[in-house]
Structures are given as structure tokens and as C-alpha cells.
Amino acid sequence: MPPLARGAIHIPHELSQPPVLTEMPVSFTAFYPDDINITCEATGNPAPIFRWVKDGQWFGPVLKGSGALVAGPDDSVSDYEGYYRCYASNDLGTAITHTVHLIAEPRPIQPKQSKLHKTAEEGDSVVLPCDAPKSSTPPLMHWMDKSIVHISQSARVVVGLDGNIYFANVLKNDSRNDYACHAQYMQARTILPQADISLTVTSSNNVVRNRKPHLFRHSTPRSSVMALRGHSLILECIPSGLPTPTVVWKKKDGHLEESSGKVGKFDRWLKFVRIMQQDDGEYECIASNTLGSAVHTFTVTVEAEPYWVKTPQNLLYAPGETVRLECKADGDPHPTHTWRINGQPIEDVDKEPRLTISDGVLILRDVEFEDTAVYQCEATNKHGSILINTYIYVIELPPQILSSDGVVYRLTEGRNIHMHCAAFGSPRPHIQWEGEGTTPLLLDPRVSLLTNGTIKLSNASQEDSGLYTCTIQHTEISITAHLVVLNRTVILVGPQHVRTLRGTDALMHCDFYKDPRLLDHQIVWKRDGYKLQESPTGDNYTIFNNGTLKVMNVQDDSRQYTCEVITEQDHVEATGSITVVAHPDPPKALSLSDILERSLTLSWIPGRSHNSPITEFIVEAREEQHSEEGKWRWEEWRRVSGDVNHLELPLQPYSTYRFRVVACNEIGHSKPSHHTEIHKTPPAVPDENPAKVRTESVEPGTLVITWDEVDKRFHNGQGFHYRVSWRQSEGLGLRWHHADTKAPPFRVNGTGTYEPFEVKVQAMNSLGEGPVPIPEIGYSGEDLPVEAPGGVSVVMLNSTARVSWNKVERVQGELKGYKILVEWLGYVGARERRALGKKHHGDERGKEAARGTGRKEESMVVLAEGKGTSKEVTDLQFYSRYKLSVAAYNSKGDGPFSPPNNFSTPEGAPGPPGSLTFESPSEMELSIFWTPPAQTNGKLRGYVLQHQEVESRDSNVVIIPDPDVNYYLLGGLDPHSLYIFQLMARTDAGKGPAITRKASTLLDGVPPSNITIEPGETSLNLTWVPGDRHRNHAFHIRYQRKNGRADWLETEQLNSAQGFCWLPGLQPGTEYSLAIRQNNKTYWEEDIYTKGPELSEVAGGFATQGWFIGLISAIVLLMLILLILCLIKRSKGGKYAVKDKEDGQVDSEERPMKDETFGEYSDGDEKRTVSQPSLCPESKLGSDDSLAEYGDSVDIQFNEDGSFIGQYSGRGPVPHGNESSGPASPVNPVPPPPIAPSMSSILNRPS
């Protein structure tokens, strides 16, 4: 069997070609001769000739060049009516068209009509007819007035498919005399106006009555409609009724949204533009108003004209090949297939054993050159037919490749590519593709070879890039193709689904990646599928360079935004949305229904929610009857769920109401709706009596009755007042007393002291009495208690006293409780009672007990609320004497106190010692000082001292039996350890809480070895950091000019804790050597230059000049005078008032001062503060009473936390200016001094 043909080949223009139709005729209606122009065009080589067949007979001449059939100007249109088919032929075959129908009609003419007059009552339904001449081309109907203005349509007034105009109900303003229907025939190019119609709408003598809906044009509940696939269909449902009905469409066997039908024409039409077979089914229109509804069901059946499912192709074949032409069509009903050859039915052609036809498939085996022809396949059912021409061209041609060589194909990964290799030849050449690899291409499942020689590569990847070769088998003919696979473009961060408030701005991001080899790209933003244009002023949309879209002042409810990135090879897109959320619209159409005396139903229609569901409605009311207009206010009455649109509201009689509703969603509240009209309720008797009826009697012998007044809104009518009733609650023959009053309180005299009464208050108005009130128990006025509690006793437990007493009977009122008056008389052992508010003086034992107590309160009152007869009095002072009395009290006041009851508190453990300080006489000793506890709580019996190293758990305890001792010397300590000290006082009751401090001894001092020098032109500023735990150490700094001739100079004696030294009087630009030496050991040395240029020697010098000698003489004389004045002043005494000291002191208020040096200064202090300070030999700072004379024997005290007190042991007070030179604390080291301190900071450095 010869091989089957593999596919289509394009025929070169120089070869012969069978005819191929390019333009086909269509059926139409002709009204004029110039309408007749039936097209028929075809290509072929040689050029085809054309002939027409009309109603089965040849018609007209043979046509060349063009096959269009055109009528002559004098021809009759009716002569051309019929069914036509065009034949196009050349030497290789004949192609034919499908049959078309030409309808010949005269131009439509409107017969003469008379004007129509119609009259209707207001609210009636009316139909105005439009009787246009019939035609095969239905006209378009236009209803206009005499001004050629279209009649306005609405849900009430609609023009139907039949051209009539339908009024669901007429209004007075529908009256007019110029209703005119105009029929427009598009193909006939004619518009026919009908005679005017007059409509007069009269007012009804009766009230216009509402009517339930009825449907125009549908007298039965069901109708059937047949439509053809791909055609348009309109289902019409026009109702009448009052009020105007609304129409809703439904698909009974599915969802309307799933069909292609769209509701239009004010919901009166359901229109299918291109109906499909899945649209068939039952559709229901429901017209409804407040009185009822009308329903009509349309059964839609969709059938289909024949349409192609598979068609054969025009092919070239070599002799001996087998041809298979497959022709498949579908339709409803299913079409039949017939074949023709060159326009002749295949049954009329000589039988050919090589030819077989089965179910639309034609197979011709072992083709020959004579088999070249045009074959027609035609599919037909009752709705029409379709025809297709296919030629078989049997020819022999040498093979060749028609596609270009060296084509570069570029695509992005993941996409599909077709690399072309169109080959021509007969028999058809076989194509083979090869890649750079050794594996055959067709073994890759992603690669497929098409019949036209094109190779298809699916889901390309980077590894597919390279050179590909297409070759015709068994020849040397080949071409190459280059494939470049690029990275795909990816949107990394696309637009999100954004919710934003109306009126705000929103950002939509579009961050993407593209292959660097793709040079050009474009970012396009779309909104709901339409491209956005960036506004020139930037007030709507702004697109930034990075692709981000800024939408400003967002208003639309919800929009889809798409970012599309377009490159030369691909495009990607991502979609987000901006949903605008806002406060809901206020509810509308508020109405009142089901109105009763005490209730009504409020209904409303919700407003738009703006994409945020309404969660609840707030119903507000304003009552206007019982307040002035300026004081009217809206009050919230009820909250209901967002799916509720009505609410029954209870009403109060004799009130005037307005109502409104507020909607709420997650964004907030809507504006209030429009309020309802005023609603008034009739008066009634009071519904309730006043609340909280009670007595508030104050004076004995009176009964004061009061209550909470009833709000004016609940008076329920005019003449509102109260009826007060009272009677004694105990005794026989008691009767009620009554009185009316407008407002509380109500006073009754002569009722005795604290007597029980039944009282009640009833609300009344002009219509009658309120409910019967329930009596309440009240009392007349109280008086002070007349009896003191008896049997007072006290039981002690530590510092708490348990006080008990007997119940008081004669209270003369409601017992509120008892008051316990407690007075402090002094400490146990004191000889006399300590008076309230005065100091206590007793013997030595009393003084010892009262030492440091700091007690401020001498008496206190303890309340025992209720009727209990015992109470604990806490927080009493240990080791003290007290007395107490008890009195009952009521709301009127206190009764008499019981006789005093004296008692004492036991001895208790003392409080912590008041302070704990340290001094370090040597590296292994600490002197410990303390002060007694603030509260001894008894007779002090001594102290317990406990200490241990910080890193150790072993502790040492020292018992100090003498309570008057406040000093202890502790030796044998480790100089390198930090200790924890705890000191506790003790009485016979035990030890009290401890005071805890940390401390360590001080180490022997050494000279500094790390000195910082800040040079000036004529001075050097030397600073160092004192050792943390080193004792003060005296030393000297030696210095000399480094020129080999100068002698060593030495400063005054310095202190290691001093931290600085200033060397003045030096030469500018000169190198100096500095050193610290002690006991033949050098601790520090350094060479340094002063700043500035070095002074040069001038020949002869200026010391011999006369002016210089005079200047020196004057200076010496002046210094002599000053020295004499100082000696005179010194001889007058060394003591000065504090005021004088402060006046001469620099920054004195910032300088720390010890108590022992406050009040007077030594002579040395005066010199140091008034004169210019210096710390070196050329200009000494301070008096001769320098720290240097103390050397290593300086003893330093500690504060409570271990820091220095700054006082020398065994000597007078340290000069105030040198307090900063003390050593660092064992606990808190002193920070380093500044590099170049000012003189005021030197004198005022804190310790």
C-alpha cells in the first residue's frame, strides 16, 4: 500500500493551481435593481471563469476576472428572485459556492390611516399599537412626538418587540395627542411614519386603586421558543399593574448567571446575543408589586444549523499516494454529508473502484494525474447547509527547503517554540531535525515533528539553547536554526488585594525580574481590563519608575488592577484589587405600621454597605412632648442585627415621637436617616410608682419620706402628683395616713425617736391612680446613743491588743458600730505620763527606752463597724503603756466613752542600727562605728557583729554586751579581700534586723607611675589617676631643662590622691626631663617639649637697659607694700565669720562642706581661697599646712557604704580645698580628673 500523504504544502505561484474561492455570496432581500450584486471571487492558475446557476438552471453569461452577478438598470427586480450557486472553473477543476436565496420585494408603503384617539383613567394600563407593513427584513420601531423627540421609556413605559408601546399604568402627564410610531426599514432605506395617536388620561372620581400585575402578550402561563445556535434571542416580559411592577428573571433548571442571557430594557428583556446549546432550558419572569405577582415560563429549545467540526485541506500529492479527505459537521438535527467532484454529485460521476466514501470520509487510493480535481463536501439539515471546497493536486516536483537558513529563534524558558523547515516537492520530501547532542531529538517527549516540517519544542529550558539542523532525507539539502532560551520574566511582588477607605490613596506594587538580554520592556497597568492612562497632573494615577501604581482619592467601590510586564519575548501579569470601604449609606424609606396605643413597627430599607457588611442598625428616637424644643435630643432605643429591616417599638402614653435609624459597619456609623413624621400617643394612668421610697429622717421626732421622682416621660398624662401614705409598723389598730404632694421630700412631725413606720408612695395623674405600691419600712429621726459599752477588756498578743466589750442597748438609732480611742502614755519604766503633744521626761531608764523612737502619733481611733463586740488593735508600740475607751455611734454621732482601760505592750526585738561606718588604720585593720537603732522596742542589751569575706561562706561573730559601745576595732583582715559586715542590736526579746555594709582595708600608698602631660607654652599640666584602694602617699616631681647645664628642680611635696600638678614658669619650645624618684628608685620619668618657639639670646641682653631696671624696682616696691599689709592683717587674729569666708570663696555654693568645718576657717584657709592658687614651688597653692606634712600617717574614714568620709584621724579638719585629694573609697573609686582642670574645679572637686 502506498504511503499516506503527510500534510499540506504551499504551491509556488508559477505552478498551475486549481480554483480557490475567496469571496462567497450571501442571501439578501433586494428592493431596487442596484441592490442586486451577488459576489463570487476565486483565485487559480490559469485564472478561473465564473458561471451562475439559478433555481437549477444556468443563468447569465460566462464571467471572467470577477464572478459578481449584477443587474442592469432597466432590469426588473422580480426577475432575479430565486436560489443561486456560483461555479468557478479552470483546467484543474471547478469550485462551487453554497446556495443563496435572493428575495425581491417592492419598497414598503404605509397605507392610509386615520388618527387614533384613546382615553384612560389614571392608573389604567394602556397599549398604543404600531401597525407597520410586513417585510422579510423587520423594521426598527421608533416612538416619537411631533418634534421628532423620542418618547421617554422606563419600567412603566416600554416599547415591545412588536413595536407597540406599553404603559403599565398611566399618569396625568402621559396625556398628549402626538404619539407617533416610525418604522425604519434599513435595507429598503425607508422610514414610514404612522398616523398620530392621541392619549387622554382622566382623573378617577374614586381613589386610584392599586392593581396586581398582569402580563401583556402572554395569556397562558407557559410558552415555547426555538432558537438557532449562534443567533440572537430576546425573551420579553412586559407587565401591567399599579404600583409599577418589578420584574425578576430566573432560570428554573440552573442559575441565570451561568447562561449567556443578560437582563435589559428595564428588566423587561432577557437577551441572548449569541445563544448556545447550553442555554436551552426553562426561564421564568416574575412581575410583582405590593399586591401580588404574575409569572410566565419560557421553554427555550436551542437547535443548530450545520457547522464544521473537521474540514479537509488543499494538498499536493505524488502519483501512487493515497488521499484521505475527512469532512465532519455537526448540528441539531444531525446533518447528512454529500460529496461532489468539480460541482457534480459524486453519484453522477463514473464509478471509480479506487474511491470509497464512508460517513463523511473520502479515500482515493493510488492517485493518478487525472485525479487532480476540486472536491466539495456539503452538510445539510432542516435549518440549512454548508459547503467546503478541497482540491487534490497530483504532481511531481524536485524537493527544496523554502524556509530561510540561519534563523535565530529567541524565547523565554517554559514556553513553546516552532522552528520552521517548510519543504516543497512531490512526492513530499521527508524532513529530519538534529541538535547539537548525540541523542535524537524525537526521543525527547517535549519535541514533536509536524507534517509541514516544523519542529515543535514544548516547555523550553536553558539547556535547549544551541544550533539545530533541518535536512531533507537522502539529500544534501539542509538549513540551520539557532535557539536562544532566555530567563522568563517573573513578577516578584504583584498587586495585592487592598482594602482602603474612600478618598484615601492606595499603592499597587509591581516588582519584577527580566532577563538582562531583554533590553526593552514596558509596564502596563489595567483597570478592569482597560489600560490606564497616567494623568498629566497626577491627580488620579501616578506610575513610579519602579512600576508602582499610586491611585489617588479612591472612590470606586471595587476595581481589579492588573500589572502587565511586556518584553519582546514574553509578557506576564498579576492582578490585585482595590476594594473601597466606607461608612454605610443611611437607611431610607422609613415607615410606621401596625400602630397601636402602646407600640408600632418601624421599617426601613438599608442603604449601600460599601463593601463592608452592615453589622447592626441603631434605632434612635426623640421625644418632644416633655421638653422644650431646644432641649430635644436623640436617644438610642434599640440595636438590631444588620439583616433586620423592621422592629416593633414599645411606646409611652402621652408622648410625641420621631424615629430615625443609623447603620453600622466595621468602618463606622452612617449618617442618620431622615426622621419619620411625628407620632403621638394618647394619655393613660401612670404605669409605675416612684422608685427607692425611703426615709431620710434627721431630727428626732420627725419622719422624712423621700423617693426618686418619676421622669416626666412616664407621667402618662396631665395633673401628675404623688400620694404619700404612712403608719406605725408596730401596735394594734394602726391606720394609714395620706397626703398628696408634687415632689419629695414629705415631712411628718411628732413621730418619736427612731420609731419604725410603713411608708408608700403612689403615682397619680388626672386620669387616675398608678399601680398599688408596696409598703417600705422606714424610721423617724435618730438621737445620740445614751449608754457607754461595759465589760471592756484587753488581751495582748505581741503588738496586737484584742479588745472586747458588751453590746450597747440604748442606741436611739441604727447602730453603725463602735469607736476605740487608744492613747499612748509612754514607755514602760517612765516615771510620769507623757502628755499629748509634749516631750516626755523620765529617769535614765525611760530615756534609754525612748532613745531614737521618732514616734509622732500619741493617740488613735479604731473603728469597729457593725454590731460586733470585739476588735483587734494592731501596730502598737512595743514596751509601751496605753489606755483605751470604747463608745457606740450611729448616724447622729458618738455616744459616751467607757471608763479608761490601761494596759502595756510586751518588750520586742529592736530595729536595725541607725548607721554603720568604717575607718582603716592599717592594711589589716578596720575601725567599725555605729549608732543605736531608731526603735529599741525595749531595754537594749548589746550588739552582735558578724563579718565574712564576700567569696566565703564562713562567718565570724562578735558579741558586744555593752549597749553604750558604738566602736569596735577589728584586726587580722586580709588586705586583698572585700568583707560583708552585719550588725544587729538585741533586747531580752531577741535580735533585731541587721544593717549590712561591704568594706575592705586600704593598701599602703606608692607614687603614681602613669602620668599624662598636657604641655603649654610656659607650663605643664600633669594628671594621674589615684589608686582605687591605696592610702595617700607623699612624693616630689623633679624636672630640669634638658640642655646639660640646668640643675634639677623639685616641686613641693605632693599627695598621690591629689591627681594633678601644675608646673608654671617654663620656657616656650624647650625640652624638659621629668621624674619621680624615692629611695633610689625611679617610679616614673619622661621628656617633653613646651609649646611655642624657643627663645633666642640677644647680644648684650635687655637686663642692662635702664627701662628694665626701673620696671623691676617698681615691682619689688609694690610687693613689699603688699607683704606689709598682709602681716598687719594677720596679726589681728586668724578667725573670720562664715559670711566673710563665703564672700571671698570662688563657687562656694558648689563646694562640699563637712559639719565639723562649717562656721569658721583657719588662717591657712583664708590665704588659699583669696590668693591666686598654685601647686608648684614657683607659685605655691595653699598654706604651709599642706597634706605633705602628714606623709603616710593619714587615716581615712569610710561612709556607711564603705566610701571615705574624708577626715583625718587625730587631727583637725582637712583644709577644704584639699578634700578631693583623699584616697579612693574601698567600694566606690574616684573617677579620673580632667586633663587640664580649671582652678575653680580644682578647689571644688568632690570627695
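Where does Asp528 lie? Asp528 is found in the loop between β50 (521-527) and β51 (530-531), where strands (E, at least two residues) and helices (H or I, at least four) are DSSP runs numbered from the N terminus. Welcome to a short tour of this predicted model, in which local features need pLDDT of at least 70, side-chain atom pairs count only at pLDDT 80 or more, and totals for chains, interfaces and linings use all residues. Residues are numbered from 1 along each chain as its sequence is written, and side-chain values use heavy atoms, with hydrogens and water left out.

**Aromatic pairs**

- The structure holds 24 aromatic pairs; rings of Phe, Tyr and Trp (its six-membered ring) pair if their centres lie within 6.5 Å, and planes under 30 degrees apart count as stacked, over 60 as edge-to-face and the rest as tilted.
- One of them joins Trp637 and Phe659 edge-to-face, with 5.8 Å centre to centre and 75 degrees between the planes.
- Trp637 belongs to strand β59 (residues 635-641) and Phe659 to strand β61 (residues 656-664), so this pair ties together parts that are 22 residues apart in sequence.
- Trp637 is partly exposed because its relative accessibility is 28%, while Phe659 counts as buried at 0%; buried means under 20% relative accessible area, exposed over 50%, and partly exposed in between (1.4 Å probe, protein chains only).
- Elsewhere, Trp52, Phe59, Tyr80 and Tyr84 form one aromatic cluster.

**Charges over rings**

- Lys760 lies over the face of Trp736, at 4.3 Å from the ring centre; a charge sits over a ring if NZ of Lys or CZ of Arg is within 6 Å of the ring centre and within 35 degrees of the ring normal.
- Arg176 lies over the face of Tyr179, at 5.6 Å from the ring centre.

**Backbone points to check**

- As background, most residues other than glycine have a negative phi, and most peptide bonds are trans.
- Leu242 and Pro243 are joined by a cis peptide bond with omega about 0 degrees, and Pro243 sits in the loop between β22 (239-242) and β23 (246-251).
- Asp332 to Pro333 is also a cis peptide bond, with omega near 5 degrees; Pro333 is in the loop between β30 (328-332) and β31 (336-341).
- Asp267, not a glycine, has a positive phi of about 70 degrees, and its place is in the loop between β24 (262-264) and β25 (269-272). With a relative accessible area of 36%, Asp267 is partly exposed.
- Back at Asp528, phi is near 55 degrees, a positive value in a residue other than glycine. Asp528 is partly exposed, at a relative accessible area of 32%.
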